[in-house]
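The exercises that follow are meant to be worked with the sequence and the coordinates side by side. Try each task before reading its solution.

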Amino acid sequence: MIRIDRVSRPRILHEVSFEARPGRVTGFLGPNGAGKTSTVRILLGLDRASTGTATINSQPYAALPRPLTVVGALLDGSGAHRARTARAHLRWLAASNALPRARVGEVLETVGLTEAAGRRAGRFSLGMSRRLGLAAALLGDPPVLVLDEPFNGLDPAGILWMREFLSRCAAEGRTVLLSSHLLDFPVDDVVVINRGRVAAHGTLAEVQGDHGSLEDAFLALTGAASW
Amino acid sequence: MTATARPGAPAELITSVHAELHKLGTLPSLRWAAGLTWAATVLLALAAHRAAPAADPVATALRWTQAGFLVFGVLTATQEYESGGQIRATLLAVPRRFALAAAKATALIVAAAVLTLPTGTAYPISVALVGAGLGWLLRNALAAVATGLTLYLIACPVALSRWPAAANWLPDTALLDPGRGAAAAVLWPLALAVGASLSFRWRHA
């Protein structure tokens with residue numbers, strides 16, 4: 001369970017509150033620059049909120065013991081140094097949270113990078129970098145996944161794969177929070193953010209309301225329909 | 001420091017140090033820096049021994065090759081901020097920043113100690129730590145190396161020639177006069193480590 005409670009940062013976020021629940025895919029939607037990445041970074045302890053709290057299973061990220069076993073996060077870029085091999089990157093990550101080394105081979109297999117394990121991360125295509133980032137997120141088999149724009153840089157086959165993968169994660173009972181400026185993926189719950197404020201929050205049906213489709217609701221809520 | 005109050009903190013430190021050592025061991029630029037520094041030190045020491053058998057050849061060699069240890073220290077820190085955004089992976093894995101800083105310092109001391117063992121002096125460990133402190137503060141390898149080289153190769157000799165009494169407080173006195181410079185060789189990296197840890201704690205990633 002992810003809970004964001006009245007999180008603010010001057011000029012970026014204004015009293016942002018929402019929850020993401022287990023067993024559901026929560027889409028965190030908004031135009032570019034709406035505050036999605038800032039919220040995710042605060043949730044993950046990379047940035048600080050000036051007021052408000054962001055917790056995962058009732059604890060701030062920085063208080064989680066062996067955090068990779070609780071939360072898997074995918075951010076912009078792979079997180080691997082370009083001169084390090086994919087395998088070496090995942091090995092130090094596994095060591096940092098006392099995870100068994102065998103997990104490295106397993107997650108490489110899951111994301112389809114087994115063949116590229118010995119290649120340096122700097123030689124990876126954008127899509128492969130995202131897969132490596134996802135492999136890192138899955139290392140600790142975490143019950144919570146937080147993904148910032150997971151579809152960026154993926155080719156159509158990769159997008160399909162990611163959509164199915166995220167649905168499967170939710171079906172397994174995991175909490176899946178993903179931010180996106182696209183709307184083309186299956187969601188159970190929706191949070192729409194615009195200019196640092198939550199414009200709508202609820203189940204897909206609740207947010208769609210009378211708008212007919214999520215696209216129409218999104219455009220109406222974010223005022224982007226003017227063109 | 002919340003990290004020290006947590007139960008299981010020592011175990012956490014050991015796993016973090018293990019991960020940091022793994023990072024240091026799998027980065028090609030660090031292997032190159034270590035290998036070249038080592039080779040240059042051996043060659044210069046051999047040459048110094050032939051030229052002046054009475055002087056300590058290792059100390060003579062280290063006057064020049066300490067720059068290699070400085071670069072090594074800088075790179076251990078700035079690798080986190082190079083392209084790829086490794087610092088975020090690091091902070092997601094070990095989010096408690098003082099604990100992470102302690103693990104990184106410990107790993108660097110271990111790596112630098114292994115590297116300097118053949119020289120019979122601990123002085124290069126001090127130089128590597130100063131490099132790492134500068135790397136953490138400046139987050140840029142070139143800026144940190146330039147600052148460190150200016151400190152060791154220009155500022156220290158100039159300060160020594162103008163105020164000979166300052167020798168006790170210069171970071172490089174320990175190289176030629178360990179008895180006199182030991183305190184400074186410990187205090188300089190310590191002060192930089194404290195400054196770097198505080199800046200790391202409060203700055204955004």
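**Exercise 1. Locate B:Thr90, decide whether it is buried or exposed, and list what it touches.**

Step 1: B:Thr90 is found in helix 5 of chain B, where helices (H or I, at least four residues) and strands (E, at least two) are DSSP runs numbered from the N terminus. The model is a predicted one, in which local features need pLDDT of at least 70 and side-chain atom pairs count only at pLDDT 80 or more, while totals for chains, interfaces and linings use all residues. Residues are numbered from 1 along each chain as its sequence is written, chains are lettered from A and ligands numbered from 1 in the order in which they are written, and side-chain values use heavy atoms, with hydrogens and water left out.

Step 2: B:Thr90 counts as buried because its relative accessibility is 1%; buried means under 20% relative accessible area, exposed over 50%, and partly exposed in between (1.4 Å probe, protein chains only).

Step 3: With contact taken as heavy atoms within 4.5 Å, and not counting residues up to four places away in sequence, B:Thr90 touches A:Trp92 of chain A as well as B:Glu20, B:Lys23, B:Glu80, B:Leu100 and B:Lys104. B:Ser16 lies 74 residues from B:Thr90 in sequence, yet their C-alpha atoms are 9.9 Å apart.

**Exercise 2. Describe the contact between chain A and chain B, and state which three residues supply 24% of the area that chain A buries.**

Step 1: The contact takes 35 residues from chain A and 29 residues from chain B.

Step 2: About 2700 Å² is buried between the two chains, 53% of it on carbon and sulfur atoms; buried area is the accessible area (1.4 Å probe) that two parts lose on being put together, summed over both.

Step 3: The three residues are A:Arg48, A:Arg84 and A:Trp92, which supply 24% of the area that chain A buries against chain B, more than any other three residues.

**Exercise 3. Explain why helix 2 of chain A is largely enclosed, and identify what covers its buried residues.**

Step 1: Helix 2 of chain A spans residues 86-96, and it is largely enclosed by the rest of the structure because nine of its 11 residues are buried. Among the buried residues are A:His89, A:Leu90, A:Trp92 and A:Leu93.

Step 2: The cover includes helix 3 (102-110) and helix 4 (126-138) of chain A, together with helix 2 (9-25) and helix 5 (86-93) of chain B.

Step 3: Just after helix 2 of chain A, A:Ala98 takes a positive phi of about 55°.

**Exercise 4. Determine how helix 3 and helix 4 of chain B pack, and classify the residues in their contact.**

Step 1: Helix 3 (residues 28-51) and helix 4 (residues 57-78) of chain B pack at an angle of about 175°, with their axes 7 Å apart. Axes are lines fitted to C-alpha atoms, for helices over the stretch in contact, and angles run from 0 to 180 degrees between N-to-C directions.

Step 2: That angle makes helix 3 of chain B roughly antiparallel to helix 4 of chain B, since angles under 35 degrees count as roughly parallel, over 145 as roughly antiparallel, 65 to 115 as roughly perpendicular and the rest as oblique.

Step 3: By class, the contact of helix 3 of chain B with helix 4 of chain B has 15 nonpolar, eight polar and no charged residues, where Ala, Val, Leu, Ile, Met, Phe, Trp, Tyr, Cys and Pro count as nonpolar, Asp, Glu, Lys and Arg as charged, and the others, Gly among them, as polar.

**Exercise 5. Find where A:Ser58 and A:Arg66 lie, and compare their phi angles and accessibility.**

Step 1: A:Ser58 is found in the loop between strand 4 and strand 5 (71-74) of chain A, and A:Arg66 lies in the loop between strand 4 and strand 5 of chain A.

Step 2: Although A:Ser58 is not a glycine, it has a positive phi of about 70°; A:Arg66, which is not a glycine either, has a positive phi of about 45°.

Step 3: A:Ser58 counts as exposed at 67% relative accessibility, whereas A:Arg66, at 40%, counts as partly exposed.

**Exercise 6. Place A:Ser180 in chain A and describe its surroundings.**

Step 1: A:Ser180 lies in strand 7 (residues 175-180) of chain A, and at 1% relative accessibility it counts as buried.

Step 2: Not counting residues up to four places away in sequence, the residues that A:Ser180 touches include A:Phe28, A:Lys36, A:Glu149 and A:Phe185.
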